[in-house]
Amino acid sequence: MYQRTVESAEYSEASKKWLVKVRNASSGKELHNKNVLVVGSGNSGIEIALDLANPGAKTSIIVQSQMVDLAKIMLKYFKLSLVDSLMVMLSKLVYGDLTKYGIRKRTEGPFYMKVQYGKYPVY
């Protein structure tokens, strides 16, 4: 964890970059009962969100993935079940077989789960 609290963030159209102003944070305790957005990916982002939630922060996490962007486009043209199957196959090509790390394949696809349960799974 970078031990920083974001004071402000704005997107610059001119530079096509985010301008973020931060300050040092002593610990997650100072964020008790506050809404916190963690921008991260994979296990690191999830672990940071958990580290902040343990002392009482109300955490949300946002993860950007090019595969999710591709799936959103595909969902405009193809059935959900086909997009789920293609994304699972693509993730195997990109990330390999994750079962050797104890990450099991779910019986339902990630986009079906989003529609059905209102949230994406974390594999």
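**Group meeting: burial and helix faces in a predicted model**

G28 has a relative accessibility of 9%, so G28 counts as buried; buried here means under 20% relative accessible area, exposed means over 50%, and partly exposed is in between, with a 1.4 Å probe and protein chains only.

Before I go on, the conditions. This is a predicted model, in which local features need pLDDT of at least 70 and side-chain atom pairs count only at pLDDT 80 or more, while totals for chains, interfaces and linings use all residues. Residues are numbered from 1 along each chain as its sequence is written, and side-chain values use heavy atoms, with hydrogens and water left out.

Back to G28. Glycine G28 sits in the loop between β2 (17–24) and β3 (35–39). Helices (H or I, at least four residues) and strands (E, at least two) are DSSP runs, numbered from the N terminus. Leaving aside residues up to four places away in sequence, G28 touches L52 and P55; contact means heavy atoms within 4.5 Å. T5 is 23 residues from G28 in sequence, and their C-alpha atoms are 9.8 Å apart.

The loop between β2 and β3 also holds N33. N33 is not a glycine, yet has a positive phi of about 70°. As background, most residues other than glycine have a negative phi.

Next, strand β1, residues 4–12, which includes S12. S12 counts as buried because its relative accessibility is 16%. Its side chain makes a polar contact of 3.1 Å with the side chain of S15. A polar contact is a pair of N or O atoms within 3.5 Å; within protein, one must be able to donate a hydrogen and the other to accept it, and residues adjacent in sequence count only if both atoms are side-chain atoms. Not counting residues up to four places away in sequence, S12 touches K17 and L19.

Now the whole chain. There are 4 helices and 4 strands, in the order β-β-β-α-β-α-α-α along the sequence. Of the 123 residues, 19% are buried. Among contacts with a separation of 6 or more, 29% are between residues 24 or more positions apart.

On to the helices. Helix α3 has 16 residues, 80–95, and should span 22 Å at 1.5 Å a residue; its end C-alpha atoms are 22 Å apart, which agrees. The expected span is 1.5 Å times one less than the number of residues.

Which residues of α3 are buried? They are V83, D84 and M87. These cover an arc of only 100° around the axis, so they are on the same side of α3; the arc is that of the directions from the helix axis to the C-beta atoms. In general, an α-helix has 3.6 residues a turn, so residues three or four places apart point the same way. The face of α3 turned away from the buried side carries exposed S81, M89 and L93. Cover for the buried residues of α3 includes α2 (66–74) and α4 (110–117). Just after α3, G96 has a positive phi of about 80°.

In α4, the residues P110, F111 and M113 are buried. Their arc is only 160° around the axis, which puts them on the same side of α4. What covers them includes α2 and α3. Just after α4, G118 has a positive phi of about 80°.
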